[in-house]
Amino acid sequence: MGTFSESVDVVCAPTGEPAELRWGGREYRVCAEPLRWYERRQWWAEERRAPLGSGPGLVDHEIWRVQVVPAGRSSPPETPAAEPLEPLTLDLVRHAGSGRWRLLRIHDALRPEVALHHKSA
């Protein structure tokens with residue numbers, strides 16, 4: 001798993017959850033239900049002091065875990081020799097004040113043959 005912070009453009013569904021994103025010059029669509037939680041941030045290390053009335057977004061980050069596939073590909077290719085479509089699992093953070101999105105983590109996925117090997121061991 002890689003952890004970093006990179007700007008990403010996110011289009012949200014009417015319900016407010018991520019539906020599509022643009023990252024690294026490519027477009028992706030969310031292919032599974034996203035998960036949301038909040039993480040504490042070390043605001044005391046990033047800010048000199050907390051501005052009055054700035055609770056939401058100062059103490060906690062809203063994190064979304066999404067699984068995405070390249071846009072325009074709705075299913076794996078039909079040819080048997082083609083590699084199956086594997087989604088990327090990403091953690092995104094939305095900053096409360098600005099509404100900007102950042103890519104926070106990229107999770108490594110096990111390939112199906114590796115997963116089978118681990119189950120049989």
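Is D91 buried or exposed, and what is its relative accessible area? D91 is buried, with a relative accessible area of 0%. Here buried means under 20% relative accessible area, exposed means over 50%, and partly exposed lies in between (1.4 Å probe, protein chains only).

This is a predicted model, in which local features need pLDDT of at least 70 and side-chain atom pairs count only at pLDDT 80 or more, while totals for chains, interfaces and linings use all residues. Residues are numbered from 1 along each chain as its sequence is written, and side-chain values use heavy atoms, with hydrogens and water left out.

## Overall layout

The protein has 2 helices and 7 strands. Helices (H or I, at least four residues) and strands (E, at least two) are DSSP runs, numbered from the N terminus. Along the sequence the pattern reads β-β-β-β-α-β-β-β-α. Of the 121 residues, 23% are buried. The protein exposes about 8,500 Å², and carbon and sulfur atoms supply 53% of that area. Accessible areas come from the Shrake-Rupley method with a 1.4 Å probe; for residues, only the protein chains shown count as cover.

Contact means heavy atoms within 4.5 Å. Among contacts between residues at least 6 apart in sequence, 57% join residues at least 24 apart.

Confidence is given as pLDDT, the predictor's confidence in each residue, from 0 to 100. The mean pLDDT of the protein is 76, and 60% of its residues reach 70 or more. Over residues 110-121 the pLDDT is below 50, and this stretch has 5 contacts in the model beyond near neighbours in sequence.

Strand β2 (residues 18-23) pairs with strand β3 (residues 26-30) in the antiparallel sense over 4 bridges. Two strands pair if DSSP finds at least two bridges between them. E20 has R29 in β3 as its bridge partner. The hairpin has 2 residues between the strands, and G24 takes a positive phi near 60° there.

R22 and E27 form a salt bridge, with their closest N and O atoms 3.2 Å apart. R22 is partly exposed at a relative accessible area of 39%, and E27 is partly exposed at 47%.

## The nonpolar core

A nonpolar core is a set of buried Ala, Val, Leu, Ile, Met, Phe, Trp, Tyr and Cys residues joined through side-chain atoms within 4.5 Å. The largest such core has 13 residues, and V8, L21, V66, V68 and L92 have the most contacts inside it. Two or more residues each come from β1 (2-12), β2, β3, β5 (60-70), β6 and β7 (101-107). Strand β5 gives the largest share, 3 residues.

Leaving aside neighbours within four places in sequence, L92 is in contact with residues including V8, V10, L21, V66 and L103.

D91 lies in strand β6 (residues 88-94). Not counting residues up to four places away in sequence, D91 touches W37, I63, W64, R65, R102, L103, L104, R105 and H107.

Side chains of opposite charge can pair when their charged atoms come close. The structure holds 6 salt bridges, each being a side-chain nitrogen of Lys or Arg within 4 Å of a carboxyl oxygen of Asp or Glu. Three of them are listed here.

| Pair | N to O distance |
|---|---|
| R22 and E27 | 3.2 Å |
| R65 and D91 | 2.7 Å |
| D91 and R105 | 3.0 Å |

The side chains of R65 and D91 meet in a salt bridge. R65 lies in strand β5 and D91 in strand β6, so this pair ties together parts that are 26 residues apart in sequence. R65 counts as partly exposed at 27% relative accessibility.

D91 also meets R105 in a salt bridge. That pair links distant parts of the chain, with D91 in strand β6 and R105 in strand β7, 14 residues apart. R105 counts as buried at 15% relative accessibility. A network of salt bridges links E39, R65, D91 and R105.

W37 is found in strand β4 (residues 35-40) and is partly exposed, with a relative accessible area of 25%. Leaving aside neighbours within four places in sequence, W37 is in contact with H61, E62, I63, R65, D91 and R105. W37 and R65 are 28 residues apart in sequence and 8.6 Å apart in space, C-alpha to C-alpha.
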